[in-house]
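Here is a short tour of a helix packing and a chain-to-chain contact. Have the model open beside you as you read.

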Amino acid sequence: MCQQVGVDPLASNKGFWAEVLGVGDFYYELGVQIIDICIQTRPSNGGLISMGELLQQLHAKQNAARQEASEDDVRRAVAKLKGLGSGFGLMQVGKTTMVLSVPVELDNDHAAVMEVANRTSSGSGAPGEVTVESLASELGWPEERARRALERLVAEGMAWVDSHGGRTSYWFMSFWLEERLRTPPAQPPPLGPPVP
Amino acid sequence: PPECWSSPPFFTLQPVAVTREKQLTLWADVVLDWAKTTNTWSMALHKCPLWANPTISRRLSDEGVAAVVAHLIAKGNAEWETGDNGSGGAAAAAAVGEVGAGRRLRIMWKTVANVANELIAHARESGMIGSVYTVFELHSGDDAPGTPFHQMDPWLLRRAIVLLEEQGKAALFEGATSDAEGVKFFSA
């Protein structure tokens with residue numbers, strides 16, 4: 001299910017020895033930073049993080065002295081991590097590249113669900129939000145199939161449940177966050193103290 | 001408030017254990033941040049404006065609120081004003097039963113130990129050693145503004161003083177009310 005990264009790890013001048021030995025220097029350090037970020041965010045997103053969010057977190061960590069990692073750099077680093085048999089991989093969901101950092105078997109149904117969730121123009125709600133009904137309708141599936149795929153993704157921690165007004169929807173926090181990064185909403189006003 | 005507070009699923013108590021743990025950790029951050037910003041040390045639980053976000057039309061259920069409170073109590077950042085603060089299941093069960101009843105919750109965005117350390121340091125740096133001060137003076141006296149204790153709830157100051165007494169750094173003089181009680185700070 002994970003896509004071929006399609007990058008030749010030897011075709012880079014970022015540290016001759018780093019490439020030959022596969023260790024040390026830019027990609028090694030980048031790999032460590034990527035693992036760090038994925039571990040920290042895993043409780044929220046179940047091990048599925050968008051390339052955009054990952055890059056933003058990497059740039060926040062990196063100081064001016066070292067060069068900023070590009071998406072291409074991240075792809076190379078992930079290819080190396082994948083080569084170590086670490087459960088890392090890339091997954092294309094529509095226009096968004098996701099970095100998967102858990103060795104979870106996601107099948108085509110799960111990918112299809114995520115693709116629907118990622119469509120910002122999805123009629124059912126906000127970006128990252130789906131319901132059993134909207135999925136079944138979009139994909140032409142029986143509701144039971146949609147429910148099963150969703151429940152698996154919830155169990156893996158990749159989706160959060162939203163119960164309100166008798167209706168249940170499912171949110172893919174990684175997509176929701178990605179969208180918030182692209183178009184930050186107006187700040188809500190600060191909350192005052194409790195009314196005595 | 002932080003980003004997560006604008007996210008609808010944040011207001012549904014998550015069924016999956018790992019996700020719930022993360023959610024409660026985030027809720028604790030939201031509550032303590034808000035308490036610090038508004039200088040809130042205690043509140044009627046149901047009057048807290050955090051439990052509902054009208055902008056996204058979501059409200060945390062009573063069960064959710066109880067889980068957040070239990071998490072804060074377990075971390076040492078909150079306690080009920082009256083009644084059992086027990087540990088584990090007993091406190092959580094009591095909390096669920098009491099959420100709707102207007103009980104007051106104390107929020108310690110600074111722990112008692114933090115306040116005690118700040119208090120004795122302040123006393124030693126400000127030449128307060130040897131004299132007796134009332135709790136009222138500490139939070140509302142002429143010299144209170146600008147100190148970390150300005151407008152601090154008396155129950156918290158009292159707890160800090162009791163801790164300092166246990167550590168041999170101060171003596172508490174009992175009084176009819178918290179505000180009337182006094183403290184004498186000792187030098188190092």
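In this predicted model, A:Gly52, A:Glu53 and A:Gln56 of helix α3(A) are in contact with A:Ser174, A:Leu177, A:Glu178 and A:Leu181 of helix α8(A), where contact means heavy atoms within 4.5 Å. By class, the residues of this contact are two nonpolar, three polar and two charged; Ala, Val, Leu, Ile, Met, Phe, Trp, Tyr, Cys and Pro count as nonpolar, Asp, Glu, Lys and Arg as charged, and the others, Gly among them, as polar. Helix α3 spans residues 51-61 of chain A and helix α8 residues 173-182 of chain A; they pack at about 65° with axes 8 Å apart. Axes are lines fitted to C-alpha atoms over the stretch in contact, with angles from 0 to 180 degrees between N-to-C directions. The crossing of α3(A) and α8(A) is left-handed, that is, the near helix is turned anticlockwise from the far one by less than a right angle. Helices (H or I, at least four residues) and strands (E, at least two) are DSSP runs, numbered from the N terminus.

Now to the two chains.

| Item, chain B with chain A | Value |
|---|---|
| Residues in the contact | 25 residues from chain B, 24 residues from chain A |
| Salt bridges | one salt bridge |
| Polar contacts (both at pLDDT 80 or more) | four residue pairs |

Helix α1 (residues 17-38) of chain B gives the most to the chain B side, with seven residues. That side has 13 nonpolar, eight polar and four charged residues.

Which residue forms a salt bridge with A:Asp162? The partner is B:Arg58, with the closest N and O atoms 2.7 Å apart. A salt bridge needs a side-chain nitrogen of Lys or Arg within 4 Å of a carboxyl oxygen of Asp or Glu. A:Asp162 lies in strand β5 (residues 160-164) of chain A, and B:Arg58 in strand β3 (residues 58-59) of chain B.

Residues are numbered from 1 along each chain as its sequence is written. Side-chain values use heavy atoms, leaving out hydrogens and water.

How values were computed
Chains are lettered from A and ligands numbered from 1 in the order in which they are written. This is a predicted model: local features need pLDDT of at least 70, side-chain atom pairs count only at pLDDT 80 or more; totals for chains, interfaces and linings use all residues. A polar contact is a pair of N or O atoms within 3.5 Å; within protein, one must be able to donate a hydrogen and the other to accept it, and residues adjacent in sequence count only if both atoms are side-chain atoms.
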